[in-house]
Amino acid sequence: MTDRFLPVAELDTLFDALAADGRRIIGPTVGDGAIVYEELDGAADLPWGRVVESAPGRVRLGDGDPARAFDYGLGVTAWKRFTHPPAVPGARFRREDDSLRVEAAAGSPPRLAFVGVRACEIAALRIQERVMRAGPLGDADHVARRAASLIVAVECARATDTCFCTSMEAGPEVSDGADIAMAEIAGGFLVRSGSAAGASIVEALDLRPATEAETAAAAAQVRAVREAIGDPVAAEGLPDRLRNALDSPRWAAIADRCLACANCTLVCPTCFCTSVAVASDLDGIEGTTERRWDSCFSSGFARVAGDASFRPAVADRYRQWMTHKFATWWDQFGMSGCVGCGRCIAWCPVAIDVREELAAVAPIGLPSGPPPWPASPGSGRAPEIGTTPPPVRAIARIRSFARETADTATIGLAITDPAILAAAPGQFVLVEQPAFAAPPISISRIRPDGLELTIRAAGPATARLIDLPLGTEVAVRGPLGRGWPISTARGRDVVIVAGGIGLAPLRPVLDSILAERPRFGAVRLYLGARSPADRLFVDELSALGGRADLEIAEIVDRAGGDWLGRIGVVTQLFDQAAWDGSRVTAFVCGPERMMRATAAALERLGVARDRTWVTLERNMACGVGTCGHCQLGPFFVCRDGPVFSLAELGDAFMVEGL
Amino acid sequence: MHDLDGTGGSGLGGSGLGGSGLGGSAPGDLTVDVAGLTRVEGEGSLRLRVRDGQVEEAHLQIFEAPRYFEQLVVGRRPDEVVDIVARICGICPVAYQVTAVHAFEAGLGITIDPAVRALRRLLYCGEWIESHALHVYLLHLPDFLGYPSALELARDRRDAVEAGLALKKTGNRIVEVIGGRAIHPVSVRVGGFSRTFRRSEIRALREPLETALRIAERTVDLVADLPTPAFTRSGPLVALRHPTEYPMNEGRIVSTAGLDIPPTAWTSAFAETQVPWSHALQARDLDGRAYLLGPSSRLALAGDRLHPLAAAALTRTGLATEIATNPYRSVVARAIEIVDAVAEAIDLVETWAPAADARVPWSAGPATAAWATEAPRGLIFHAYELDDRGLVASARIVPPTSQNQAAIEADLAAFAPSVLGLPRAEAVLRLEQLIRSYDPCISCATHFLDLTLEEVS
Amino acid sequence: MTASATVVRTPRPRSAVPTRPRIGVVKLASCDGCQLTLLDLEDELLAIADRVDIVEFAEATSRRSAGPFDVLLVEGSVSTPDQVEELLRLRAVSHRLITIGACATAGGIQALRNWRDHDEIRAAVYPRPAFIESLAQARPVSDFVAVDGELRGCPIAPDQLRELLTALLTGRRPQLPDEAVCLECKRRGVVCVTVAGSIPCLGPVTRTGCGAICPAYGRGCYGCFGPRESANAASLAAWFERGSPADVARLFAGFTAWSAPFRAAIDTYGGPPGAPVAGEGSTDA
């Protein structure tokens, strides 16, 4: 379609056409001394003659050509405010006697038209779409909001001092992705439609074709912007440079200045991380959840059971942010997580300039070693929408309870939903109840008519779960994650190593193997626990002890009572190992430190890294890779794991604070 | 500070009878020692000793820990002072903020926009509504109806307590909208406010205020019918009086004894002294007379400035005269003032139009800044000296309760003989109820003094 | 494998907390605003009172109790010898002691006197200082007794008090984020007053919970919720110093001045306004 020309005086006809299409118009306007994206009544609300002057840590509104509306630059927060809002209602849970009712919040999102979207912002919307639409279903809220929005792009005619879209290949030219693309030139706008929805609106405006001179003026204008920005960030090989800079001394230097205030992530148009807040009535009978913007800079973001944080230092958090944006985003999604809009530079209260920090952390020419983890597929590890089976939410009734240790119990859940019953060993579920956060719990037994979950009371939610009366209903979301690849161990010897509660997700492995025992070679079970009283499934294991086709060895950190067995750490059990490591497939679960030691010991015994499987614990909050909490280098533990081989993990398993 | 269950308090929930060896030994004797007064703001106690029908001692003891605010503000800028002095009292922070800001504006010659003035008055209305509703329903009403607290009262009269809470919430809502939060609001600045307000934000208060007006009018009827001990006090009443408005943020200081001075001239008529039994300074007039501030004083001195709806409510009670002399009737005065504040708030909300700018520009410099306003509990006076850099060199803050303290003690002494014949628990309750009728804010009362004052030994 | 032994338990009442926990509300040196916040929960107050037993709350009830308390809410800083004694007693009779507000958690505004000579400041305010019993410093409760939880703020936020009480009643952990005010500010869509207006704001180093009121009302955060986790006050102070070096200490010398990170910034930049240059007064006495 050829470009058309919209005289500036008729700009309101476009607004009218968008309104006639049933849309509220969101666009730039002046608010509190900056440009904000808000609902506009008409073209008069646009920031005519206002320009943003931005520098690191400083944004001011200056005066420009009063006849121009779109010279301002960029708004404070990105369009994600509308496509991925700061707070989104989740579900409502209500107890009625023993029953639990769950209603997912469902609202039809407003039909919006975004006016004034920049090339970098289109790129950012596309990036968030890739993130939020990865996995089985994608994020329903985001999908619906995005589908209900129409993009009216206006190409930049002016660069600010914090722009670097050119280096990120995200602008300044608007190419595709807009429903309507415009360029503001003298006297009016070049208008081009980029979709059927855009075309019908443009058609209705009945505009004359643009002249060659007008088209040339627009092209020259954006060319000048590109030249003004230059190429401030050396992007060549940047992901690899960063992957090799995980131990850079610069992280600590940045942390001296970085406030970890999270502003960079909240103004970032691609940052997507969220947390779930719960609310309830005073009795905990009815509870609701709300998903809120969060940030990898906040302390709670990386907190796991027991209040430990896996990114305790600000340096860890900054490293996570920068390496995610510029390196591991490629691993995850096959694209950069940065579009060069420069908001993180402008809105940093202490003026940290990511362009400078990138050059300092990962300079060109830095001698590089092997990458810390194996390369991901070109399109990223995140599956495209619809390629994996969707998790479901099902109501489950607690039908059995067995105390395992002082703080751990196994509950049996009666479930009818076949999707959940199709769970595989190593997968996990989120267990929901009113008023509590939903903890991720690994499945400790899969039955034809339900699941067993072995739960340690690590916090109030888990404590409550193993304290609920029999017959109470909870909601279960799952099955989630990738389980143990048991079939790859067929015909091989199997070594199962568990530390403490780590035996829970391994019990289904044992169940599966025993169900088809002849298909496996020798099967050996090595179990560690803090003390004899901390051993799980004691009766079951003693019942299994008599089997000739199963070798079980146990050890405890501290003896007590009438314990006559071995004392020490689980790897000491390998001292007596008389097996051929090259024939072994190993499945390991326990505290991370124990798994690291076990992995090293198994490697010494000749077990291949791609046949040593571990399952990781992170704070999996959404279970489907959209909340961001459980990231570990290139991985979302919830979706790419929690079961990984050592070969897949590479150094990601060994770097502290990653 | 706290005794075992049920032995330290009073009212119906506990005996309230500490007492030395003299307690109740003869018909004309009474010793009352309430270790911790309840349903007042802050920590205080009552010590009263009557022997042979003669009051030997009537002390409102204030042992609220000193916090030295007048020293804390030294070296600070006017806007910082506005934030800091709010923390003197969590019940009436707006009174402190508005008094300070008026003082600085008067001292520095700053003329504020009428829209700002109106919004400040609306803010103050919010605090009056909240503070008065708190006192009437949660602190004072249980006394009249024989409950230890409004929480117990709510078991029998849930509707009444809920109505009071709704009224209180409306007051808080006003302060939240204008000030950001109900306690220690953040928007009051010298020259105006920290931000501009949209008409729609202010207009949104209209609906809850309309509901509040109906509750406020019912409240007047409720409290006017309460059984009330007979007592006639004497002594001057002091309040602000404004040419056209019911006194709140502006007016001249007047008294029933004929005083009439500008709000900046408090020190020309009153003086504070320190007494050994109290962390608060006591104020008296220069003739050494105790004087009373608060709703009853305002009604007596400026009742003709009430909003017509409040004036009608007062007439309906037929208690205008008794309110001026019987402190137990202050609950009615407060209810009338709630009607006044709600009615005026409605008028302000209806007519308010935004100012062009959040605040007028001003420059710091040396000044003597003083002002008086009407806090819910009565007249409050601030005076500051600003040095060449515009920083506070010295401060003087006189809250209502420290001014009322001497009058409360005098009234206790006058009233005590009339309870000698009552059962002890009831006598103590009457005395505590009397103290509560002044709505003493002990948190406010502490920490103030003018160094230049003479001591009374 | 066979099923593990199953213990069938008798269903029991759902309430996670023993019936009607005994709650106390007490104050030390303070303005009463934090305890007033409980009365400011107008919509829930009566429902709360139905579910807990408020056995001590002098501001609101004539019922008195010396304990024991399932939960004791303590307002105010420790400022007198009597308060120390009373606090130790209260700790002994309280299952959970929770400090509420900036005074109790950080010393409050009155802790600014901690930089000054106590006798001097007492003599400056009272003509007969001997009548006035107070400690040399106003200090947080946690300097004297173990604290099981805290609500920050000057005053505390009603939402957080509601959350605390709901969590208590439902047996869950209260959600009281320890991150920066900036997160809430950005969620609200407030334009950063520092970046866009050069207004100094303590939001990046201050704990969230207020709802980012000050920036939303066009001014900088004055830190009344005190330092957040990992508060890098030194970096923010160094940044302020580029704008107005003389004002750095002033910015931190507010309602949580005595908290460690803010105190360090104040000392680095010459002590609070109106006080002698930081010296012995700023060290623990």
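Reader: What share of the residues in chain B is buried?
Author: Buried residues account for 62% of the 457 residues in chain B. Buried means that 20 or more other C-beta atoms lie within 10 Å of a residue's own, exposed means 12 or fewer, and partly exposed is in between, with C-beta atoms placed from the backbone. Bear in mind that this is a predicted model, where local features need pLDDT of at least 70 and side-chain atom pairs count only at pLDDT 80 or more, while totals for chains, interfaces and linings use all residues. As for labels, residues are numbered from 1 along each chain as its sequence is written, while chains are lettered from A and ligands numbered from 1 in the order in which they are written.

Reader: OK. How many helices and strands are there in chain B?
Author: Chain B has 15 helices and 13 strands. Both are DSSP runs numbered from the N terminus: helices are H or I with at least four residues, strands are E with at least two.

Reader: And what part of the contacts in chain B is between residues 24 or more positions apart?
Author: Such pairs make up 72% of the chain B contacts with a separation of 6 or more. Two residues are in contact if their C-beta atoms, placed from the backbone, lie within 7 Å.

Reader: Let's look at some helices. At what angle do α6 and α8 of chain B pack?
Author: Helix α6 (residues 158-179) and helix α8 (residues 206-224) of chain B pack at about 135 degrees, with axes 9 Å apart. The axes are lines fitted to C-alpha atoms, for helices over the stretch in contact, and angles run from 0 to 180 degrees between N-to-C directions. That angle makes α6(B) oblique to α8(B). Under 35 degrees counts as roughly parallel, over 145 as roughly antiparallel, 65 to 115 as roughly perpendicular, and the rest as oblique.

Reader: Which residues of α6(B) and α8(B) make the contact?
Author: From α6(B), they include Ala160(B), Ala163(B) and Leu167(B). Those of α8(B) include Pro208(B), Leu209(B) and Ile215(B). By class, the contact has 10 nonpolar, two polar and two charged residues. Nonpolar covers Ala, Val, Leu, Ile, Met, Phe, Trp, Tyr, Cys and Pro, charged covers Asp, Glu, Lys and Arg, and the others, Gly among them, are polar.

Reader: How about α9 and α12 of chain B, what's their angle?
Author: Helix α9 (residues 295-302) and helix α12 (residues 330-351) of chain B pack at about 65 degrees, and their axes are 8 Å apart. That puts α9(B) roughly perpendicular to α12(B). On the α9(B) side, Pro295(B), Ser296(B) and Leu299(B) meet residues of α12(B), among them Ala333(B) and Ile336(B). This contact divides into four nonpolar, two polar and two charged residues.

Reader: Switching topic: which chains have the most contacts?
Author: Two pairs of chains touch, and the most contacts are between chains B and C. Chains A and B do not touch, and their nearest C-alpha atoms are 9 Å apart.

Reader: How many residues of chain C are in contact with chain A?
Author: 45 residues of chain C are in contact with 60 of chain A. Helices α2 (45-51), α6 (158-170), α7 (181-188), α8 (193-197) and α10 (233-243) of chain C each supply at least two residues to that side. The chain C side has 21 nonpolar, 13 polar and 11 charged residues.

Reader: Now chain A. Where does α10 bend?
Author: Helix α10 (residues 314-333) of chain A bends by about 60 degrees at His324(A). The bend is the angle between axes fitted to the seven residues ending there and the seven starting there. 20 of the 20 residues of α10(A) are buried, so the helix is largely enclosed by the rest of the structure. Just after α10(A), Gly334(A) has a positive phi of about 70 degrees.

Reader: What sort of peptide bond joins Gly171(A) and Pro172(A)?
Author: A cis one, with omega about 0 degrees. Pro172(A) sits in the loop between β9 (149-154) and β10 (180-185) of chain A. Another cis bond joins Gly641(A) and Pro642(A), with omega about 5 degrees. Most residues other than glycine have a negative phi, and most peptide bonds are trans.

Reader: Is Asp32(C) buried or exposed?
Author: Asp32(C) is buried, with 27 other C-beta atoms within 10 Å. Its phi is positive, about 80 degrees, although it is not a glycine. Asp97(A) also has a positive phi, about 55 degrees, but counts as exposed with 9 C-beta neighbours inside 10 Å.
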